[in-house]
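Work through the exercises below with the sequence and the 3D view at hand. Each task is followed by a solution in steps.

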There are 2 protein chains.
Amino acid sequence: MSRTITSFDVARLAGVSQATVSRALRNLPNISPATREKVARAAAELNYVPHGSARSLSTRITSRVAIVSEELTNPFYPALVEPLRQHLSDNGYRTMLVTDDEDDALTASNLTDGSCDGVIITTAARNSRLPDALRAAGLPCVLVNRTTDSDRDVACQFANAAGAGHVAELLTELGHEHIGLINGPETISTSAERERGLKDALEQAGRWLPSRLIRHGDFTAEAGRRGALDLLDAPVRPTALVCGNDYIAIGALNAAKELGLSVPEDLTVIGFDDVAMASWELIDLTTVHCDLSALAWDAVDSLLRLIGDRPADCLRVTAVDLVLRGTHAAPRRG
Amino acid sequence: MSRTITSFDVARLAGVSQATVSRALRNLPNISPATREKVARAAAELNYVPHGSARSLSTRITSRVAIVSEELTNPFYPALVEPLRQHLSDNGYRTMLVTDDEDDALTASNLTDGSCDGVIITTAARNSRLPDALRAAGLPCVLVNRTTDSDRDVACQFANAAGAGHVAELLTELGHEHIGLINGPETISTSAERERGLKDALEQAGRWLPSRLIRHGDFTAEAGRRGALDLLDAPVRPTALVCGNDYIAIGALNAAKELGLSVPEDLTVIGFDDVAMASWELIDLTTVHCDLSALAWDAVDSLLRLIGDRPADCLRVTAVDLVLRGTHAAPRRG
């Protein structure tokens with residue numbers, strides 16, 4: 001009967017220590033590509049398979065982090081998942097992408113079954129019970145691009161109100177009096193903070209954002225299109241549309257084209273996030289730049305601190321700035 | 001000392017069988033929402049955590065499928081992952097999203113450690129050794145939107161050559177003589193099949209696609225832009241650009257705008273895939289429609305067959321058709 005092949009056999013064949021084999025096969029850092037290759041070849045030659053389940057029972061370390069995101073078809077989230085994944089991988093963690101269930105308890109039970117060491121949540125509503133449920137199960141958890149109403153959560157986000165303030169300043173300088181807002185859902189912190197920031201900054205400039213010029217919907221191009229068609233149908237048309245994110249803004253640009261309006265001559269449209277396509281010639285969107293890699297780094301660093309029982313800030317905020325492209329201008333004088 | 005809470009305790013409190021608790025907590029189908037809720041509440045009340053690692057050691061079933069994809073920031077892949085995830089979830093499987101390593105052996109060792117029951121690969125090159133490595137480890141594996149040079153792989157894909165043939169027919173009918181192609185990498189089956197299909201159909205119509213009018217690059221808008229700027233700089237400009245996917249086509253539209261060319265009057269641009277943004281007013285792209293949900297269903301069905309030791313077709317092909325929008329016209333007569 002052949003005996004079981006162990007990591008020590010792999011180490012002997014590869015000519016390295018067992019610890020190096022373990023690190024190399026778990027994809028941890030500080031192993032040279034040549035050594036990794038040597039270990040992988042030796043493991044393949046011996047047909048050695050480290051059994052993840054056995055390993056995690058003995059050490060309770062899975063080297064895996066779950067990212068919870070329900071909106072992968074909104075390209076903002078893949079663009080955020082990518083640097084999260086990269087920073088996690090650089091720190092020896094594999095990524096497991098999990099979709100939010102509508103039932104927080106069920107999502108929590110799927111995450112606390114021993115399959116991961118920590119969780120990054122990208123799409124929580126303000127009243128989500130998921131962070132509480134994870135905390136109760138002792139699983140470290142960080143909210144990214146979101147905060148909740150609980151002050152016990154660890155969160156990383158952009159300076160949403162400040163960014164909206166930059167937009168208000170630009171529109172005030174250009175002389176816009178009739179400003180509309182097409183925003184994301186009111187239940188999400190990102191939307192709420194951007195709306196608050198815009199209102200406050202406009203008020204400070206002696207302007208006012210009336211409720212009749214505000215629409216709420218999904219963070220999608222289709223919601224932006226519908227919101228814009230609705231707002232532009234009013235007797236006194238807004239001359240500028242501030243949008244809760246770039247996809248809403250692109251939807252507003254689609255609506256303008258549908259109505260035969262020229263941007264920016266007839267209508268100013270401002271986005272938020274600066275996703276990759278905002279800089280396409282076809283779109284050329286003036287927007288608020290948000291550095292996803294910096295945000296992702298904060299989130300991964302906070303999570304690694306929690307996993308390692310080190311202190312983590314409750315809130316870390318990444319600065320944003322305005323990118324001036326082709327969709328803003330002074331209003332036509334009528 | 002308190003004894004360990006088991007699924008039988010949860011079943012007693014919820015008033016259902018232990019099998020129902022097990023199915024409900026593993027998110028398997030055929031459990032009513034009310035029962036699921038009852039079980040989740042009972043589990044929460046008892047603070048019961050099914051330990052995934054312990055479970056998988058006892059049954060060797062993880063109820064988890066890995067999707068390997070390296071290009072999440074290309075929105076085509078999230079749009080494909082979403083229906084894969086949905087079909088898998090409908091069949092009681094959770095999804096683990098894994099990023100391709102450059103080293104196939106290392107990726108394989110990360111997948112064959114007992115953390116999943118099967119693998120769906122979306123981004124393999126034609127010479128990828130990953131399917132072989134997974135097969136050697138006894139892990140079921142299906143390629144989606146890709147084939148490899150090995151005839152032992154199980155793959156699901158679109159009718160790429162037929163779709164390119166429809167494009168050739170349209171351009172021939174419109175009277176285009178100078179046709180350029182901006183394609184994805186030659187090492188990927190999707191690119192190769194679309195190119196072959198276009199060439200064959202043009203030849204049948206007595207036309208020719210010369211090498212000097214073909215460019216290869218990534219499947220990205222930026223590669224499309226560069227390819228188009230290059231092709232449109234030639235002494236005899238192509239009057240139509242066929243693109244390997246929609247992002248390349250959008251890049252070509254960006255290049256046309258940069259050069260001050262009107263589409264479709266000065267230039268016809270045709271995409272492939274019909275991603276969501278192809279129908280935006282700003283883009284309005286004539287392209288080949290590919291039904292991602294149908295493709296994803298084929299892939300999940302094939303994988304479930306392999307996991308269940310049932311026969312699966314080596315190749316399943318989803319039909320495609322042309323969507324006529326605003327980026328095609330007859331060439332200007334000069």
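A residue counts as buried when its relative accessible area is under 20%, and as exposed when that value is over 50%. The model used throughout is a predicted one.

**Exercise 1. Describe chain A as a whole, then examine its helix α10.**

Step 1. Count the elements: chain A has twelve helices and twelve strands.

Step 2. Take the extent. The C-alpha trace of chain A spans about 90 × 40 × 30 Å along its principal axes.

Step 3. Look at burial and contacts. Of the 334 residues in chain A, 56% are buried. Among contacts in this chain between residues at least 6 apart in sequence, 71% join residues at least 24 apart.

Step 4. Turn to α10 of chain A, residues 221-231. Its buried residues include A221(A), G224(A), R225(A) and L231(A).

Step 5. Find what the buried residues of α10(A) pack against: β6 (179-183), β7 (214-216), β8 (240-243) and α11 (246-258) of chain A.

**Exercise 2. Characterise the surroundings of G224(B).**

Step 1. G224(B) is located in helix α10 of chain B.

Step 2. Because its relative accessibility is 0%, G224(B) counts as buried.

Step 3. Leaving out residues up to four places away in sequence, G224(B) touches I182(B), I248(B), G251(B) and A252(B).

Step 4. Compare sequence with space. G224(B) and A249(B) are 25 residues apart in sequence, and their C-alpha atoms are 6.2 Å apart.

**Exercise 3. Which residues have the most contacts inside the largest nonpolar core?**

Step 1. The largest nonpolar core has 142 residues, and I283(A) and I283(B) have the most contacts inside it.

Step 2. Inspect one of them. Not counting residues up to four places away in sequence, I283(B) touches W280(A) and L282(A) of chain A, and I250(B), L253(B), M277(B), A278(B) and T327(B) of chain B.

Step 3. Note a second, separate core of 32 residues, with C116(A), C141(A), L143(A) and A155(A) among them.

**Exercise 4. Describe the largest pocket and its lining.**

Step 1. The volume of the largest pocket is about 930 Å³.

Step 2. The lining has 45 residues, and E71(B), T73(B), N74(B), F219(B) and T220(B) are the closest to the pocket centre.

Step 3. Sort the lining by class: 23 residues are nonpolar, nine polar and 13 charged.

Step 4. Assign elements. At least two lining residues each come from α5 (76-90) and β10 (287-290) of chain A and from α10 (221-231) and α11 (246-258) of chain B. α5(A) gives the most, with five residues.

**Exercise 5. How many aromatic pairs are there over all chains, and how are their rings arranged?**

Step 1. The structure holds two aromatic pairs over all chains.

Step 2. F76(A) and Y77(A) form an edge-to-face pair, at 5.2 Å centre to centre with 85° between the planes. Both F76(A) and Y77(A) are buried.

Step 3. For F76(B) and Y77(B), the ring centres are 5.2 Å apart and the planes are at 85°, so this pair is edge-to-face. F76(B) and Y77(B) are both buried.

Key:
Residues numbered from 1 in each chain as written. Chains lettered and ligands numbered in written order. Predicted model: local features only at pLDDT ≥ 70, side-chain atom pairs only at ≥ 80, totals over all residues. Heavy atoms only, no water. 1 Å grid on protein atoms, 1.4 Å probe; cavity = no way out; pocket = protein on both sides within 12 Å on 5 of 7 lines; lining within 4 Å. Points joined across faces, edges and corners; volume = space filled by probe spheres on them. Helix = DSSP H or I, 4+ residues; strand = E, 2+ residues; numbered from the N terminus. Nonpolar A, V, L, I, M, F, W, Y, C, P; charged D, E, K, R; others polar. Buried < 20%, exposed > 50% of the residue type's maximum accessible area, 1.4 Å probe, protein only. Contact = heavy atoms within 4.5 Å. Core = buried A, V, L, I, M, F, W, Y, C linked by side-chain atoms within 4.5 Å. Phe/Tyr/Trp six-rings, centres within 6.5 Å; stacked < 30°, edge-to-face > 60°.
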